[in-house]
Amino acid sequence: MKAIVVTDQAAGTAGMMLVERPKPQAAINDVVVQVHASGFTSGELTWPSTWTDRLGRDRTPVIPGQELAGVVSALGYGTRGLSVGQRVFGLTDSYRGGTLAEYVAIEARNLAPLPGDVDFTVGASVAMPGLTAWQGLFEHGHLQAGQSLLVHGAAGAVGSMVTQLAREFGAYVIGTGRAADRQKALDFGAQEFVDLENDALEDVGGVDLVFDVLGGDIAKRSAGLVRAGGTLVTIAGPTDARPAAGLTVDFVVLPDRAQLSEIIQRVRDGRLRTNIGNVSTLDDAVAAFNPKQRINGKTIIRVRP
Ligand SMILES: NC(=O)c1ccc[n+]([C@@H]2O[C@H](COP(=O)([O-])OP(=O)(O)OC[C@H]3O[C@@H](n4cnc5c(N)ncnc54)[C@H](OP(=O)(O)O)[C@@H]3O)[C@@H](O)[C@H]2O)c1
């Protein structure tokens, strides 16, 4: 099968290569999915789980990509709940990846049915951002209706999902991002926008919850905005940003079938809009992940035309 591989972490996306690889086999409780569309998250090549297995053993050459939509083509021994020919979408285990390929072996429990009226590119585009937003807002941030939320990168893949879900659940949403992203963030539902290039973040005052996707100095400054009893949730990696009288939660998204179903239902009924910036093919994927100009939104690889 055709697949994208990486062998050198320092090379980043520039080190991606399109090669032939053996088709994967389904292990116990796995399915093999014929991938129709695949996603890749910025930053994935810096995550330790991309390069080793759970015992820390090198697993290069690695096929990256954790997000997919496709059709089940084989079942492993013992696999229940999905059948050959079924449309599915979801997220691989982060130590497994492998969706930038024509086929991927994945635990069945990490997938949910993809309704026939949702395009594969849309399914692949909402798995990672949708689950990350859901878990950050509701499992870790315990968002309540009427609370205020500051979401960084509100026009980005995760931030746009956070914004929409938080609005649906009755929060007051302040989005941030680059100057050029103001209108896009407002279109996704942010009620205010802070341009991090020109505005003073501190002018936001106090909020109940911060959803951080940027880390570093922005996360530290945001911790100072969290009201007593509030939470800073971050997906940007370990941080020492701490609210004076609140919690910091850094977390890594987990696959979850029930949450995937909640997300795709919202896509179908129009409550959730995906954020695709570019759709490319597997043959052109290396160029698509090394764009010459800024792509705002997710790059999705349409693996099968
Ligand atoms: N822990 C987890 O489970 C988890 C899950 C998913 C994603 N992530 C990580 O979360 C981060 C966001 O992911 P994503 O898919 O949402 O990425 P994304 O689509 O690139 O969104 C990030 C947004 O923030 C903007 N931004 C970046 N730096 C900025 C700055 N200094 N000032 C203002 N705006 C800035 C980006 O603009 P530009 O495009 O112009 O930079 C973009 O609009 C990535 O680092 C990703 O690896 C972690």
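Helices (H or I, at least four residues) and strands (E, at least two) are taken as DSSP runs and are numbered from the N terminus. The model described here is predicted, so that local features need a pLDDT of at least 70 and side-chain atom pairs count only at pLDDT 80 or more, while totals for chains, interfaces and linings use all residues. Residues are numbered from 1 along each chain as its sequence is written, and side-chain values use heavy atoms, with hydrogens and water left out.

In this model the secondary structure of the protein comes to 7 helices and 15 strands. Along the principal axes, the C-alpha atoms fill a box of roughly 55 × 40 × 35 Å. The accessible surface, computed by the Shrake-Rupley method with a 1.4 Å probe, where for residues only the protein chains shown count as cover, comes to about 13,000 Å², and 50% of it belongs to carbon and sulfur atoms.

Buried residues (under 20% relative accessible area, as against over 50% for exposed and in between for partly exposed, with a 1.4 Å probe and protein chains only) make up 54% of the 305 residues. Where contact means heavy atoms within 4.5 Å, 63% of the contacts between residues at least 6 apart in sequence join residues at least 24 apart.

A nonpolar core is a set of buried Ala, Val, Leu, Ile, Met, Phe, Trp, Tyr and Cys residues joined through side-chain atoms within 4.5 Å. The largest such core holds 45 residues, of which F89, L137, L149 and V162 touch the most other members. At least two residues of this core are supplied by each of β4 (67-75), β5 (87-91), α2 (120-140), β8 (148-151), α3 (157-168), β11 (207-212) and α6 (257-269), and the largest share, 11 residues, comes from α2.

Strand β5 also includes L91, a residue that is buried, with a relative accessible area of 1%. Apart from its neighbours within four places in sequence, L91 is in contact with Q66, E67, L68, I106, N110, M128, L131, V253, L254 and P255. The C-alpha atoms of L91 and D256 are 8.3 Å apart in space, although the two residues are 165 residues apart in sequence.

When neighbours within four places in sequence are left aside, G206 is in contact with S148, L225 and R227. The C-alpha atoms of G206 and A236 are separated by 21 Å, with the two residues 30 apart along the chain.

The peptide bond from T60 to P61 is cis, with omega near 0°, and P61 is found in the loop between α1 (48-51) and β4. In the loop between β2 (17-20) and β3 (30-39) lies N29, a residue other than glycine whose phi is positive, near 65°; at 42% relative accessibility, N29 counts as partly exposed. A positive phi, near 45°, is likewise found at H142, which is not glycine, and H142 is placed in the loop between α2 and β8.
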